[in-house]
Amino acid sequence: MSRRTATLRRPHWTGLAAVTEREQSAPDWHADGLAHVWLPYAQMKTAPAPLPVAATRGSRIVLADGRELVDGVASWWTACHGYNHPHITSAVARQLATMPHVMLGGLLHEPAALLATRLAALLPGDLDRVFFTDSGSVAVEVAMKMAVQYWINTGVCGRKRFVAFRGGYHGDTTGTMAVCDPNEGMHRLFHGLLPEQIIADLPRDEETVAALDRLLAERADEIAGILVEPLVQGAGGMLFHDAAVLQRLRALADKHGTLLIFDEVFTGFGRTGTMFACEQAGVVPDILTLSKALTGGTMPLAATVASKRVFEAFWSDDPMHALMHGPTFMGNPLACAAANASLDLFAREPRLAQVAAIEAQLTEQLAPCRDLPGVVDVRVRGAIGAVELDAIDIPALKAHFVEAGVYVRPFGRIVYLTPAFTIGEADLARLTGAIFRVLSSR
């Protein structure tokens, strides 16, 4: 293949020698594609060019120039079994040869039926009715739509708002932007377009519990549901709270007669140390959303799972009581085959034990970062490790992590790790060591 030459930009840096400029070859498709691809979360005019990726394997990203990076973020937390797991790839190949896709409108196929049955069996309580979608944002949108229609179907008018929490993130669609932290900044441009929701503090102590109790009492007749990321607010800053918060939310939802929705798009499938984060609180929400690791990071798929109580409000002779929503590729057979194979691996291989081992290693090896200048906090839960800084130069950090042979993607003031559960001790040590070296040289 012919190649063009691309030059790395020198990042702004203080206190550490700048990355040496060197000529790197990039394939033609990289330069050609950059003229047309619109990248996520990036100012295309000024952002450094994305790294050209040729292949993946295990916990490694192979670049077009042959370098291998240890992946510390598992492609936005999805590749829980590592890349290219043979059990998942073979399941997808078999499904591709049999039936790549058929719509769920008036039809049903075995991969979706099997996956829904398995999810219902795995989830706690009576969460047993699964509505498939394509992404986490849409899964949350469907949960919100489901909650509003639940009240309409039961003859209650006016309950169309949601209580969500500061530090929270639930997606980038119009509906989900409205329940993200309004001060986070990313969605500030859309003020006025977004429906008005109610953003509160998590009930962590007596004061915040009392404040939320008062809010729910005063506005109960307009609140359709309470929406929270259980245990970890992910994209809002890897912010942790304990199981007691979820227990308080369940009690308050019951007291004020509203629905409780858990967004487990990030936390589901072992990331916090249990299969689902809600298990650690012994709490069952009325609606729960899943995505990201659902397919082991191979195909887009999401699910909104409702309790019997919620679903029964839609079970009617009245066609207007049906949930009128239906993504074209919902329950895609290829994605469902990947998800079923992923669940096989959770059943056959010691994933939760691996998460516990990752937690122990992250706790030990990130601890020295606490003594570095500018470090505000170091926190670990399950296979999540976060170093919070007082200030951060994201482009510079990204460049230096690549030079150290790792792929780590900081955001806000957070440098974090969410590796594959199958990562080896040596590769994980390479990630934690790179974080300490780079941050100590700022």
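Helix axes are taken here as lines fitted to C-alpha atoms over the stretch in contact, and angles run from 0 to 180 degrees between N-to-C directions. The structure is a predicted model, in which local features need pLDDT of at least 70 and side-chain atom pairs count only at pLDDT 80 or more, whereas totals for chains, interfaces and linings use all residues. Residues are numbered from 1 along each chain as its sequence is written, and side-chain values use heavy atoms, with hydrogens and water left out.

The pLDDT, the predictor's confidence in each residue on a scale from 0 to 100, has a mean of 93 over the protein chain, and 94% of the residues reach 70 or more. Over residues 1–23, however, the pLDDT is below 50, and this stretch has 55 contacts in the model beyond near neighbours in sequence, a contact being heavy atoms within 4.5 Å. Where pLDDT is low, the predicted coordinates should not be read in detail.

Helices (H or I, at least four residues) and strands (E, at least two) are DSSP runs, numbered from the N terminus, and two strands pair if DSSP finds at least two bridges between them. Strand E14 (residues 302–307) is joined to E6 in the antiparallel sense over six bridges, with Phe-132 standing opposite Ala-303 in E14.

Two packed helices are described by the angle between their axes and the distance between the axes. For H7 and helix H8 (residues 243–256), the axes come within 10 Å and cross at roughly 25 degrees. That angle makes H7 roughly parallel to H8, given that angles under 35 degrees count as roughly parallel, over 145 as roughly antiparallel, 65 to 115 as roughly perpendicular and the rest as oblique. H7 passes H8 in a right-handed crossing; a crossing is right-handed if the near helix is turned clockwise from the far one by less than a right angle, and left-handed if anticlockwise. Val-209, Leu-212, Asp-213, Leu-216 and Ala-217 of H7 meet Arg-248, Leu-249, Leu-252, Lys-255 and His-256 of H8. By class, this contact has six nonpolar, one polar and three charged residues, where Ala, Val, Leu, Ile, Met, Phe, Trp, Tyr, Cys and Pro count as nonpolar, Asp, Glu, Lys and Arg as charged, and the others, Gly among them, as polar.

Among the residues that make the contact are Leu-114, Leu-115 and Arg-118 of H4 together with Cys-336, Asn-340 and Asp-344 of H10; the contact as a whole divides into 11 nonpolar, one polar and two charged residues.

An open sheet of four strands, also with mixed pairing, has the order E3-E4-E5-E17. Strand E3 (53–57) and strand E17 (406–407) stand at its edges, each with a single partner strand, so one side of each is left without a neighbour in the sheet. Three bridges pair strand E4 (residues 60–63) with strand E5 (residues 68–71) in the antiparallel sense, and Arg-60 stands opposite Val-70 in E5. Helix H13 packs on this sheet and touches E4, E5 and E17, its direction making about 90 degrees with that of E5.

H13 (residues 425–440) also packs with helix H12 (residues 394–403), at an angle of about 130 degrees and with the axes 10 Å apart. That makes H12 oblique to H13, which H12 passes in a right-handed crossing. Leu-397, His-400 and Phe-401 of H12 form this contact with Ala-434, Ile-435, Val-438 and Leu-439 of H13, and the residues involved comprise six nonpolar, one polar and no charged.

Strands E15 (residues 375–381) and E16 (residues 384–389) run antiparallel and are joined by six bridges. Val-380 has Gly-385 as its bridge partner in E16, and in the hairpin of E15 and E16, with two residues between the strands, Gly-382 takes a positive phi near 60 degrees.
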